[in-house]
Amino acid sequence: MKKMLLIYIVIISAFMIYVFRYYSQQSEVNAWDSRGLQGDIAENYVMVTFQSGLEYWRNCLKGFEDGAEKLGVSVEYRGATQYDVQEQMTVLEQIIAKKPAGIALSAIDPGALTPMIDKAVAAGIPVVLFDADAPGSRAYSFLGTNNYNAGLTAAEKMAQLTDREGQIAIITLPGLQNHEERRKGFEETIAKRYPSMKVVKVVDGKGDAMVSRREAEKLLKAYPDLAGIFVTEATGGTGVGEAVKNNPRSKPLKIISFDTNKGTLDMIENGTISATMAQGTWNMGYWSLQYLFHLHHGLTVPSPTSAGDVSPIPVRVDTGISVVTKDNVADYYAK
Amino acid sequence: MLNNHHKQSRPGLQRYLQWLRPGSLELRYQLVILFLLIGILPSIILGFLVNWTVERVVDQQVISNTLQLIGKVNQSLDNDMENLQNTTYLIGFNQHVRHFLAGGTEADGGPSRQIGDDGEVSPAYSNPAADDQLYEIKQFLQEFTTLYPEIAGIMVVNPQGDYISNEMYARTNENLTKESWYQQAAAREGVFTILGHPYGRNITTHVNYADEEVVSVVRSITDPESRKVLGVVLIDLKLRTVAQAVRDVKLGKTGYLMVADADGKAIYKPEHSYLSSLPSDWTDQADSGTAVRNVEGKELQLVYRKSSFTGWQTVGVFLTRESASEVRQIHFYVICFLFLVGLIGVTASVLLSQSITGPIRQLMSFMRTAESGDLTVRYSGRRHDEVGMLGRSFNRMLIQIRRLIRLNELREKQKREAELRSLQANIKPHFLYNTLDTIHWMARKKGADDVSEMVEALSQLFRIGLSKGKDIIQLDEEIQHIKSYIQIQKTRYRDRLTFTVEQDPETGEFPVLKLLLQPVVENAIYHGIKARRGAGHIHISVRQREECLILTVQDNGVGMSQEKLQELREKLREPLRAMELQSNRMEKTGRSYGMLNVQARIHLAFGDAYGIELDSREGEGTKVTIRHPLLGEQGWNQGEETDR
């Protein structure tokens, strides 16, 4: 019987050793691809914009893509091809139906989109907003430029450039919240701090180079003493630049544009545009994805509403603004 | 020393070899080994077969699955590339673009229109119509990126080096037509060409896509008639498109897919990859296949398929030594199963062998006890199998042996009694014999011749009857003895008794049991002749028949009835028992006692094949035939041995 016991002990211990080795090897195999925070390639995060071909979004998307690359997830870029609320709603509806891991949305119209955003959140799809907010919605965060501050910064720069006096015109996109805020920040700052400066006219540039150019030419004719023009978006900025360049004046006209596309940067380099406001567009995309990833994986406790101030994920994120002038424009060119 | 060693090892080896022969080990070990061989060995072989087959089948399946997946990936890449190809065509068809390529439209940049150091722009900028056209073209190009966000940038370049693009611009003022991508596109007139990652281009994108992040394709637009190159469309595709299609595919635990261009340069590879590029001699000319290559000490298995459209190869890379997780799992289960079988097999074989050899060993110990003389031992199992049967047979055998032994003892006792009786019968006459001799001489002196003769016959009778206590005497002596006996009887019966002796001359020397004839002749006289009226005759004959002596005593007395004859024959068949019965009934004087005694002595001495046969007819006489073996001096000894 002792012999039998010995045989049993040998067999069972050999088996235990084998099982142990099998599991330790398996965990070794698993350890191979554990490297930091990693998602699954099947997780699809969607960035939704409007006027999706717009160059402005490229940087946001790049940030979104870079974030996805780091986390090993996949991204999709969708959006209304035109400036059309109805189209964006349709696109959003289609996306929600596909149940993505998260949606980063730039809302064309907060009011119209709020029900759709709430629907997505209710369906368990995390939504963050970037660039353009929808304040009443249940989206978890807004990442974007504090546009009022951006307008304020632009006003300060304008005051500096014009020696704090003269007539100023604004070319903007009325009705769009972020553009409105930029204008408001600009106007209020001028009114409050620089009494010898005056905003004489606010016109609609329609976000189009041609329209803005024509509007600028009209402004130049109407206000011969115009000291500066603040353009709230980039496409219009280059249009204004063209107009000013083609209509030489005795008194130099200062142009402050918004965003940093190639045309704008070129014009800053050759002096046509004095300064532009660079938004943290890459940051918007990158951090949107990070937030969505954290929300999707439950790595953070989201605030019940975006009104709550104390939340592991900041409810509002200012992605920053910086002033680009001839001195630092080289940094903004692609390398 | 060496020889010594050999001599020592030889017997050891032989001993081990002996173990292999059946019957050299204890039965239970033989059974254990047998059961283990039958139970475990096939399981182990089966396990190995299953493992081997599964590995082969799964390997094949993994390869075919991988090829299928690669086919799908290639198809989706082909689709992407075909989309790009279509895009280049659509751009080429556009009238504004044609106009630009012909040099009729202002461009974003190019050597022909340089911006002066003073910041003055070239005068063409002031042309609003041309400017509008540029705007139109840019809007047109933007439509493609709107619809297909995977495009990182589109650039159209004319032969002068002027270009239009929404996203891309030249880093320096070098003429773009001198760039290799432009040259390549121009060289392959109008054919869509995939360049792979763009390295060292004089182009950058506004959104900072690095060279590794995009894949570049070009196509020259040619004049269908003159075959002249009108310009080149360059499109950068985000690698993400390729990567998402490829990375989605997971091969086993550690396998991955990579995409390499026709030269083997990696288009896409995962972050942790074993290969940085795919040397072109690694894959042969075939469009798809497998290969095994050694990279930095790791053996890799490659499964590849080439796309004829893109010229790219999509390659599945595995570690050869690592089998698919399914195989590992099956291995695990099979080995678990083998361990279980081993455990059960060992237990079962030991128990089974014990259950078989246990009763046998028990029986064996019973047999040993019986062997050592204790016949009272009994197998008491209630088994119905062979062992039980064997045990019961064993019990019956012991009973039989005990009975035989008791019978033997009885026979020995009876034989001894018979011998003692005959000895006693021998002793009494000694004194008688001496007295008779004295009487013989006294009668001689006194001249009573008939008395002297009778007494001499009597004395001779006794002398032979005693014969110094020997059991065996010569036939002649026996004959002499019976003659003396009849002589005496004749004196008594006078003329009423006659006798003749007929003897084969060569038989005189043969030894026979003594006192064979006297009881028979006595019977013949007392029960045959005496009851007869007138003179009776007794005829004695001795003959040699083959290996027997046949002694017959025939009288012409009254004979006996058939019933009597039958009864006597019965008695003669089992003389000992008959004698026992008679002695119990105290009828020693019975007619048959002497004859039974003879019969018994012959049976005891020589076996049942010899003895007395009886034949009689009422009123005509009785014939007694004695069959006696032909004995030499040694024959007697043999006879004794067979009796034991």
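Why is strand S9 (residues 254–258) of chain A largely enclosed by the rest of the structure? I found that 4 of the 5 residues of S9(A) are buried, so the strand is largely enclosed. Buried means under 20% relative accessible area, exposed over 50%, and partly exposed in between, with a 1.4 Å probe and protein chains only.

**Basis of the entries.** I am working with a predicted model, in which local features need pLDDT of at least 70, side-chain atom pairs count only at pLDDT 80 or more, and totals for chains, interfaces and linings use all residues. Residues are numbered from 1 along each chain as its sequence is written, chains are lettered from A and ligands numbered from 1 in the order in which they are written, and side-chain values use heavy atoms, with hydrogens and water left out.

**Entry 1: strand S9 of chain A.** I took helices (H or I, at least four residues) and strands (E, at least two) as DSSP runs, numbered from the N terminus. Strands pair if DSSP finds at least two bridges between them. I noted that strand S8 (residues 226–231) of chain A runs parallel to S9(A), joined by 3 bridges. In S9(A), A:Ile256 stands opposite A:Phe230. From S8(A) the chain passes through helix H8 (residues 234–246) of chain A to S9(A), in a right-handed β-α-β crossover. Right-handed means that, with the strands pointing away from the viewer, the path from the first strand over the helix to the second runs clockwise.

I then looked up strand S10 (residues 275–279) of chain A, which is parallel to S9(A) and joined to it by 3 bridges. Here A:Met277 in S10(A) stands opposite A:Phe258. Helix H9 (residues 262–269) of chain A forms a right-handed β-α-β unit with S9(A) and S10(A).

**Entry 2: A:Asp259.** I located A:Asp259 in the loop between S9 and H9 of chain A.

I did find a polar contact of 2.8 Å between the side chains of A:Asp259 and A:Gln279. A polar contact is a pair of N or O atoms within 3.5 Å; within protein, one must be able to donate a hydrogen and the other to accept it, and residues adjacent in sequence count only if both atoms are side-chain atoms.
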